[in-house]
Amino acid sequence: MKRFIVLLLGLSLCLTGCAATQVGASASVDASSPAMETATPSPAPVADANFRNATWGMTAEEVKASEEKAPVGETDGFILYSGTPIGGIEASCGYAFYDNELHSGSYIFTNTHSNDTLYIDDFKKISDLVTEKYGQPVREDVIWLNDLFKDDRSQWGLAISSGQLIYQSDWNLEGGTMIRLTLKGDNYKINFILSYLSPDYESLKKTDTTGL
């Protein structure tokens with residue numbers, strides 16, 4: 001349960017934080033959760049789905065009905081599923097809601113490397129997969145917040161995990177959905193996430209007063 005809370009908190013911060021540095025937490029999901037033991041019937045495919053088998057504006061119950069298995073956890077405004085790999089890379093996925101309407105979904109990559117620089121290869125692999133499906137990104141940023149390791153590529157993984165280097169790419173889809181791929185870190189922990197944002201995500205984020 002502690003691991004689930006850490007991952008869900010990371011997703012919450014990711015989906016409500018600054019758009020330029022939007023990330024989620026890379027952490028393990030507790031596979032012993034009772035929710036893992038109950039699978040739901042396979043749902044029918046949804047036409048024009050925006051994220052997995054869901055469309056923007058769906059309620060939490062509708063989203064849960066769109067998945068083949070039960071979530072590993074749920075809080076007010078968030079639903080989390082484990083075991084949703086992308087491109088052979090381990091991941092969990094989360095759905096975020098505003099007034100019980102789906103406004104964003106994310107894959108939180110949970111794989112680990114002994115050498116953090118290898119996450120750059122993972123970023124490029126996922127970026128290539130998204131580009132193959134949706135075309136070239138509208139933005140590709142490599143942001144150095146501190147150039148201490150800029151001239152030593154072998155230390156770029158350390159630069160990411162310590163919050164000195166950020167990789168981020170955006171794709172704009174027909175209908176207004178944005179896809180954002182982000183690799184960054186904090187306190188020597190890697191955060192790697194692929195987010196799908198609804199057309200009204202930015203305006204909802206500005207009007208959300210949760211926590212005030």
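1. A residue is called buried when its relative accessible area is under 20%, exposed when over 50%, and partly exposed in between (1.4 Å probe, protein chains only). Because its relative accessibility is 1%, Phe 51 counts as buried; Tyr 95, at 0%, counts as buried as well.

2. The model is predicted: local features need pLDDT of at least 70, side-chain atom pairs count only at pLDDT 80 or more, and totals for chains, interfaces and linings use all residues. Residues are numbered from 1 along each chain, and side-chain values use heavy atoms, leaving out hydrogens and water.

3. Phe 51 and Tyr 95 form an edge-to-face aromatic pair, 5.3 Å centre to centre with 75° between the planes. Rings of Phe, Tyr and Trp (its six-membered ring) pair if their centres lie within 6.5 Å; planes under 30 degrees apart are stacked, over 60 edge-to-face, and the rest tilted. The pair links distant parts of the chain, 44 residues apart: Phe 51 lies in the loop between helix H1 (2-16) and helix H2 (60-66), Tyr 95 in strand S3 (residues 91-98). Helices (H or I, at least four residues) and strands (E, at least two) are DSSP runs, numbered from the N terminus.

4. Eight strands form an open sheet with antiparallel pairing, in the order S1-S2-S3-S4-S8-S7-S6-S5; strands pair if DSSP finds at least two bridges between them.
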